[in-house]
Amino acid sequence: SHVDIANIEGLTFKGCYFQTMQNLPYAAETMMAINAYNAQFQVKDYCDSNITPCPQNNLISCRFMNFDQAINALGDISSVNTFYVNNAKFYSNQYGIRTIDVHNAIVLNSDFYIYTDSDCAYGIYAEGVSGFAFEENYFTKSGSGTQANYIGISITNSESVNQVYKNDFVGLSYANFADGKNWYRNERSLGLEYLCNTDSCNYTVFYVVDYTPSTETGI
């Protein structure tokens, strides 16, 4: 990991650039830019101007390039810590953001150019999460990506009322991938919703794993 954090609050990354070189000899099997456990942190842009509000051309985004997991955020059932990402750029990562058991995460206005030399790659992979906001992001395959399954947003066992809202998905294998129980308690009419997203040239817009009315799988 370039940054390894655990059990802290209030850390902010502004305009940071994280990169590894591809095919490095002696590299770790899994390379991460930010590896977080039970940590509260933010990833935001930086303004290099004294003008308020900041001119658009003076905003420097956080950038992540060539990682297995650019951001890996893990929590536990007792944790209330979460993370916030806004206006970040993810280039050629197998996972742009991978998060498990972290509730109320926010990812906004970010671009994901997904890459893998393995079987699958994800813009956002979220498991066991609820209360999230994944909104107004852009997902597509990196121009150098090999033949594989490219997934925009994958959500597993959210078990709550959640929304994936106003994202753009272009040229992916699966724009949206859902697995497990993604509804609230026993109310199948309440749960994970997909609203106002835009899809172009994707092989499949929605893929729900093994869906039948009698199983625990659904959206």
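Asn-104 sits in the loop between β12 and β13 (106-108), where strands are DSSP runs of E with at least two residues, numbered from the N terminus. Its phi is near 65°, a positive value in a residue other than glycine. This is a predicted model, in which local features need pLDDT of at least 70, side-chain atom pairs count only at pLDDT 80 or more, and totals for chains, interfaces and linings use all residues. Residues are numbered from 1 along each chain as its sequence is written, and side-chain values use heavy atoms, leaving out hydrogens and water.

Asn-87 also has a positive phi without being a glycine. As background, most residues other than glycine have a negative phi, and most peptide bonds are trans.

Another loop, between β6 (46-47) and β7 (59-60), holds Pro-53. The peptide bond leading from Thr-52 into Pro-53 is cis, with omega near -5°.

Now for strand β12 itself, residues 95-100, which includes Arg-98. Arg-98 is buried and has no salt bridge, meaning a side-chain nitrogen of Lys or Arg within 4 Å of a carboxyl oxygen of Asp or Glu. The nearest side chain of opposite charge belongs to Glu-127, 6.2 Å away; Lys and Arg count as positive and Asp and Glu as negative, with His and the chain ends not counted. Leaving aside residues up to four places away in sequence, Arg-98 touches Gln-69, Ile-71, Asn-72, Ala-73, Leu-74 and Tyr-125, with contact taken as heavy atoms within 4.5 Å.

Notes. Helices (H or I, at least four residues) and strands (E, at least two) are DSSP runs, numbered from the N terminus. Buried means under 20% relative accessible area, exposed over 50%, partly exposed in between (1.4 Å probe, protein chains only).
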